[in-house]
Amino acid sequence: MPRAEDHHLNLLPGAFRLEADLAEALREDRLHSLLLVHIQTLEGDDDGGAGLRSLAPGSSGAAYRLGGSNFALLNPSFERVSRQPLPDGMCGGGVVVDPAWLTPAEETGRLLLRAASRLLALSRQLGCSRILWIREEDAGASDPGGVAEDMFRDLARLNASRARQLEIDSRVDPLTGLHNRRGFDEIFGRMVATSRRSNRPLALLFLDCDTLKEINDEGGHEAGDRFILALARVLRSVVRRSDVIVRWGADEFAVALEGSDPAKARALAERLRSEVEDRTEGTVSIGIYSGVPADAAEAVATADAAMYEAKGMGRNVVVTRRGSPG
């Protein structure tokens with residue numbers, strides 16, 4: 001990001017450049033402040049640089065001409081700006097940023113810009129020659145126009161939404177969009193508890209890709225990813241929407257079925273095995289646990305052992321192991 005020095009201020013063009021640099025500073029956790037400035041009178045070939053230099057000498061932030069008499073400073077020093085006498089006809093609105101407020105999202109930058117713009121408009125209404133700021137330490141002080149209250153409320157909503165999305169993402173496999181192991185642990189724990197309360201059996205299918213290594217060796221990892229995605233599509237098309245599909249590992253998947261007896265679980269597994277063979281370039285071996293498990297670990301260990309037994313029988317095979325019938 002270009003720097004604004006005492007002896008020379010390099011004005012960067014346009015709001016789009018400001019928004020891009022603002023987003024970059026947020027991503028890299030180096031956003032400290034944002035100041036929008038209006039210079040009421042620009043004479044001759046004055047590009048605003050002289051006024052900005054007098055406002056923030058020694059500033060290490062970038063400066064932008066937004067159009068007409070409006071300018072922006074990114075990361076100016078609040079201490080330096082607040083100590084300088086304000087030139088006649090100049091006003092501004094700024095935000096001193098606390099990193100604890102923020103998530104590195106583009107919308108965060110837009111919220112900060114909106115707040116600074118509203119403060120700039122207020123300072124112009126008040127007759128210029130003043131800068132209005134939002135700072136954490138001023139949160140309980142006078143808030144002209146309710147700008148600070150609105151900004152903090154909108155940031156809180158954005159941060160909460162971002163936190164919820166991150167929580168969802170932590171439970172989803174990024175390649176297939178299926179549940180990952182963390183998502184499975186929470187959901188399957190509830191399924192086991194329901195099975196034990198109702199004394200109704202559940203089923204857990206473990207699928208292992210027999211041929212992923214060969215696909216990767218022949219076509220590279222992109223070919224392997226295409227196969228994994230094709231396998232995920234087969235699972236989605238065959239399994240009921242009420243059941244749970246999980247990408248367990250690089251080449252392992254799991255399917256958890258509520259209220260499923262051994263015969264139904266076996267029929268589904270055989271259909272999955274056949275569909276994968278017909279619709280993709282690979283095959284899978286499948287192990288099944290069916291019963292009312294003492295806990296989630298019992299079902300997982302049993303299905304995993306059945307899956308390895310299927311692999312040992314020559315691959316592209318289904319093996320069932322029963323737990324308690326309920």
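# Briefing on a predicted protein model

Helix α6 buries Gly183, Phe184, Ile187, Phe188, Met191, Val192 and Ser195. The model containing this helix is predicted, and the protein has nine helices and 11 strands. Of its 326 residues, 47% count as buried. Among contacts with a separation of 6 or more, 72% join residues 24 or more positions apart.

**Confidence**

- The average pLDDT of the protein is 84, and 85% of the residues score at least 70.
- Residues 1-9 have a pLDDT below 50, although this stretch has 27 contacts in the model beyond near neighbours in sequence.
- Where pLDDT is low, the predicted coordinates should not be read in detail.

**Helix α6**

- Helix α6 covers residues 181-198, and its 18 residues should span 26 Å at 1.5 Å a residue. The end C-alpha atoms of α6 are 25 Å apart, which agrees with that expectation.
- An α-helix has 3.6 residues a turn, so residues three or four places apart point the same way.
- The buried residues of α6 include Phe184, Ile187, Phe188, Met191, Val192 and Ser195.
- The cover over the buried residues of α6 includes the strands β7 (202-209), β8 (244-247), β9 (252-257) and β10 (284-291), together with helix α9 (296-312).
- At the N-terminal end, asparagine 180 caps α6, with a side-chain oxygen 3.1 Å from the backbone nitrogen of arginine 182.
- Asparagine 199 follows α6 and has a positive phi, near 60°.

**Helix α7**

- Helix α7 comprises residues 212-238, and a straight helix of 27 residues would span 39 Å at 1.5 Å a residue. The end C-alpha atoms of α7 span only 21 Å.
- A bend of about 135° occurs in α7 at glycine 219.

**Helix α1 and aspartate 21**

- Helix α1 has 13 residues and reaches 18 Å from its first C-alpha to its last, close to the 18 Å expected at 1.5 Å a residue.
- Leu18, Asp21, Leu22, Ala23, Ala25 and Leu26 are the buried residues of α1.
- Aspartate 21 lies in α1, which runs over residues 15-27. With a relative accessible area of 7%, aspartate 21 is buried because the cut-off for buried is under 20%.
- The side chain of aspartate 21 makes a polar contact of 2.6 Å with the side chain of tyrosine 64.
- Aspartate 29 follows α1, and its phi is positive, near 55°.

**Phenylalanine 78 and its surroundings**

- Phenylalanine 78 belongs to helix α3 (residues 78-83) and counts as buried at 14% relative accessibility.
- Leaving aside residues up to four places away in sequence, phenylalanine 78 touches Val96, Trp133 and Arg135.
- Arginine 135 is 57 residues from phenylalanine 78 in sequence, while their C-alpha atoms are 9.9 Å apart in space.
- Leucine 35 lies in strand β2 (residues 33-39) and counts as buried at 0% relative accessibility.
- Leucine 35 and phenylalanine 78 are 43 residues apart along the chain, and 9.1 Å separates their C-alpha atoms.

**Positive phi in loops**

- Most residues other than glycine have a negative phi, and most peptide bonds are trans.
- Asparagine 75 is not a glycine, yet it has a positive phi of about 65°. The position of asparagine 75 is in the loop between β4 (70-74) and α3, and this residue is buried, with a relative accessible area of 13%.
- Asparagine 316, also a residue other than glycine, has a positive phi near 55°. The loop between α9 and β11 (318-322) holds asparagine 316, which counts as buried at 19% relative accessibility.

**Cysteines**

- A disulfide is a covalent bond between the sulfur atoms of two cysteines.
- The count of disulfides in this model comes to zero.
- Cysteine 91 counts as buried at 1% relative accessibility, and cysteine 209 counts as buried at 3%.

Methods. Residues are numbered from 1 along each chain as its sequence is written. This is a predicted model: local features need pLDDT of at least 70, side-chain atom pairs count only at pLDDT 80 or more; totals for chains, interfaces and linings use all residues. Side-chain values use heavy atoms; hydrogens and water are left out. Helices (H or I, at least four residues) and strands (E, at least two) are DSSP runs, numbered from the N terminus. The expected span of a helix is 1.5 Å times one less than its number of residues. The bend at a residue is the angle between axes fitted to the seven residues ending there and the seven starting there. Buried means under 20% relative accessible area, exposed over 50%, partly exposed in between (1.4 Å probe, protein chains only). A polar contact is a pair of N or O atoms within 3.5 Å; within protein, one must be able to donate a hydrogen and the other to accept it, and residues adjacent in sequence count only if both atoms are side-chain atoms. Contact means heavy atoms within 4.5 Å. A disulfide is a pair of cysteine sulfur atoms within 2.5 Å. pLDDT is the predictor's confidence in each residue, from 0 to 100.
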